[in-house]
Every structure is written in C-alpha cells, then in structure tokens.
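Could you look this structure over with me? I have put some notes together for someone meeting it for the first time.

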Amino acid sequence: MTKKEQSGPSAASPRPGAAELFVAFATIAACGFGGVLAWARHVIVKKRGWLSPEEFNEQFALCQVLPGGNILNFAVMYGCRCAGALGSLAAVLGLVGPPVILMIIAGILYRGSGDLPILHGVFASLAAAAAGLLIATAVQMVAASIKSRLRPGHILAAATFLAAGVLRLPLVWVMAVAAPVGVALAWWEQR
Amino acid sequence: MKDDGGIYVALIATFAMCSVIAVGGANSTVPEMHRQVVDVHAWMGDRTFSELYAIAQAAPGPNVVFTSLLGHYVAGVPGALVAIVAMCAPSCTIAYCAARLVDRFREARWRIVIQAGLVPVTIGLVASSALVVARAADHGIATVLITAASFALCYWTRIPPLLALVLAAALGLTGVV
C-alpha cells in the first residue's frame with residue numbers, strides 16, 4: 001500500500017493512522033443522530049482537514065453505488081486509502097463498535113422493562129414518532145425527485161414501493177428486477 | 001444446543017443477504033428485515049419490531065446498528081454480534097475490493113449511470129420502509145396522531161429529529177398511549 005502513492009488522496013492530504021481513524025469515526029458515530037453523513041463531512045473535512053470538500057464528495061460518490069450502508073462503505077474505503085486493511089478495520093470498528101455496545105445495553109433494558117406498564121406507552125409513542133420521521137424522509141426524497149416532469153424513473157420508484165412495501169415481496173426478487181431496470185433506464189436517458 | 005445454532009444460521013442468512021443487496025443505506029432494508037424477523041421466523045411481533053426500530057433511531061450511530069438490536073432481542077449478546085457482523089462483513093469486503101480499484105473507475109461513466117439508476121429504487125425502498133414501520137407502530141388513534149405530528153414537525157420545521165422522539169417519549173410517560 002505504501003508504494004502505491006497515486007491510489008491515495010492527493011499528496012497534500014494528511015494520512016491518518018489506524019488509531020486516529022478509529023477515534024475520528026467513533027466521534028462521527030457518537031455525534032450522528034439520524035444523519036451520520038453530515039457529521040462525517042464535518043469531522044473529516046472541517047475539523048481534521050483530512051480531505052477537501054471535493055475529495056470528500058468524490059470518495060463518497062462511489063460509496064453510494066456499492067451495496068451496504070453508505071457511511072460504512074466510506075469508512076472502509078477511506079480507511080483503506082490511509083492505512084490499508086488495518087485502516088479499514090479501525091475505521092469500521094470506530095464507527096460501529098461503540099453504537100453496538102450501546103444497542104446491547106438498550107436491548108437488555110428493553111427486555112427487562114416488560115413488566116413496567118408506563119414504559120409500554122413510552123416505547124409505543126417512540127415507535128409512532130419514528131414512523132413519522134421515516135415518512136418525512138421518504139416524502140422529502142419523493143418531493144426532490146418529482147420536480148421534473150413524469151419520467152420512467154418515477155414509475156420505477158412507484159413499482160418498487162408497490163412490490164416491497166405493499167405486496168411485501170422478498171427484497172431479492174425486487175432488487176433482481178428493479179436494479180437492472182433502473183440502470184437500463186438511466187443508461188437510455190443519458191445516451 | 002442445536003436449536004441455538006439454527007437461530008444463528010438464520011440470523012446470518014438474513015442479514016448477510018440484506019448486506020449484499022441493500023442500496024441506499026440500511027433504511028432501505030427495513031421491509032426485508034421486518035419480513036424475515038416478523039413474518040418468516042416469527043421471532044417478534046409488529047409492535048416489538050417498531051419499538052426496537054425507534055430505539056435504534058433514538059441512539060447515535062449509523063443505521064446498520066439497528067441489526068444488532070434485532071439480533072440481541074432474538075439471541076442475546078451473541079445474537080447482537082452475529083447480526084452486526086453478518087450485516088457489515090459482506091458489504092465491507094466489497095467496498096474494500098472497490099477501494100483497491102477505485103482510481104481507475106472514479107470518473108467512469110458506468111458509475112454515474114448506476115448511481116442515477118439506483119435513485120428511483122432507493123426512493124421506492126425508503127417509502128416501503130416508512131409504510132412497514134408505520135403499519136407496525138400505529139395501532140390506535142393516539143399512535144396515528146403521534147406519527148402525523150412527528151411527520152409534520154420534521155417535514156415543515158427544522159427541528160432535529162431527535163427532538164421529535166424526545167417529545168413523543170415524554171408524551172408516552174403521561175399515559176395517553
């Protein structure tokens with residue numbers, strides 16, 4: 001990895017080691033309520049100055065076409081560029097490790113709270129509010145895409161919603177059809 | 001403990017599959033996770049699923065850690081670890097391989113085409129997630145009203161999402177739900 005200078009960020013960019021990566025991504029995870037991406041940009045670009053905004057966008061673009069969580073992919077790819085396999089591992093462990101410990105504690109508390117009727121109301125309210133947040137996210141995405149006139153992509157989005165949300169078909173089947181169709185449509189539109 | 005082994009295998013199969021075919025982040029895989037853990041394996045009911053989802057949303061961290069909360073409910077601490085590793089390892093391996101090749105493909109046209117092509121799919125999946133969670137969480141007038149209020153707050157104001165969850169939890173303490 002050290003030999004392949006051109007495969008990393010530009011020469012001017014600093015190259016954090018595994019320990020620094022772990023701390024940076026743990027910070028991103030700890031601050032990221034809901035939107036982790038905004039914090040990733042803040043920590044990597046503004047606070048630490050490891051990447052320019054353009055470099056950040058460039059690296060993030062590829063993360064969005066790969067499967068899995070976008071920010072997780074970013075941790076793997078950026079970690080790899082800075083410190084090889086160890087860098088990837090450190091960044092992912094920083095991003096996921098502390099929140100998983102938190103989730104285990106939350107899971108233990110949740111299972112132990114079964115006898116307390118008052119908490120039933122709290123959890124039911126939380127769940128209802130979380131549903132509202134997710135609806136808001138979905139509506140924002142739809143609103144952002146619908147500015148243009150009706151395109152085949154809109155029909156594909158509606159068909160995906162019908163298949164996965166309403167009919168509850170297995171995701172494998174939905175993706176096996178929807179992803180190739182989407183890519184074919186994009187290719188046809190950008191000819 | 002043959003039975004326990006079966007649970008781990010099922011957890012790994014569920015989340016590894018979600019890991020590989022998810023696009024647009026972990027929120028896109030909520031319908032499939034719900035289908036697997038509630039409908040196929042009957043590890044939990046609708047209500048528990050929606051409450052665990054809410055707890056994960058109220059906690060800091062990337063959305064993928066929701067899988068460790070599901071795994072914990074199903075099979076304790078080992079279940080949590082198995083679930084998060086199954087959810088992360090496949091996609092991280094793919095990303096690692098891509099990182100080794102990225103420079104040659106960074107500006108490639110196929111990347112732009114694939115990215116544009118997946119946008120409608122992601123929108124459809126996130127909308128599906130919203131429908132699945134709302135169906136699981138809303139079982140009365142009170143919960144429907146809370147969902148509507150939380151949507152309105154988030155969509156038309158700039159309040160942080162966490163505040164909507166805190167307000168809802170406070171409302172839950174009063175016993176109206």
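1. Ground rules. This is a predicted model, in which local features need pLDDT of at least 70, side-chain atom pairs count only at pLDDT 80 or more, and totals for chains, interfaces and linings use all residues. Residues are numbered from 1 along each chain as its sequence is written, chains are lettered from A and ligands numbered from 1 in the order in which they are written, and side-chain values use heavy atoms, with hydrogens and water left out.

2. The make-up of chain B. Chain B has 7 helices and 0 strands, where helices (H or I, at least four residues) and strands (E, at least two) are DSSP runs numbered from the N terminus. Its pattern along the sequence is α-α-α-α-α-α-α. Along the principal axes, the C-alpha atoms of chain B fill a box of roughly 55 × 50 × 25 Å.

3. Of the 177 residues in chain B, 55% are buried, meaning under 20% relative accessible area (1.4 Å probe, protein chains only). Chain B exposes about 7,100 Å², and carbon and sulfur atoms supply 70% of that area, as computed by the Shrake-Rupley method with a 1.4 Å probe.

4. Contacts across the sequence. Take the contacts in chain B between residues at least 6 apart in sequence: 60% of them join residues at least 24 apart. Contact here means heavy atoms within 4.5 Å.

5. A loop residue to look up. T29(B) lies in the loop between α1 (2-21) and α2 (30-40) of chain B. Is T29(B) buried or exposed? T29(B) counts as buried because its relative accessibility is 0%. Leaving aside residues up to four places away in sequence, T29(B) touches L171(A), C18(B), A22(B) and M87(B).

6. The largest core. A nonpolar core is a set of buried Ala, Val, Leu, Ile, Met, Phe, Trp, Tyr and Cys residues joined through side-chain atoms within 4.5 Å. The largest one has 97 residues, and F25(A), F74(A) and L95(A) have the most contacts inside it. Helix α4 (residues 70-112) of chain A gives this core its largest share, 18 residues. A second, separate core of 13 residues includes A163(A), A164(A), I21(B) and V121(B).

7. Around F25(A). Not counting residues up to four places away in sequence, F25(A) touches I44(A), F74(A), A75(A), Y78(A), A91(A), G94(A) and L95(A).

Terms used
Buried means under 20% relative accessible area, exposed over 50%, partly exposed in between (1.4 Å probe, protein chains only).
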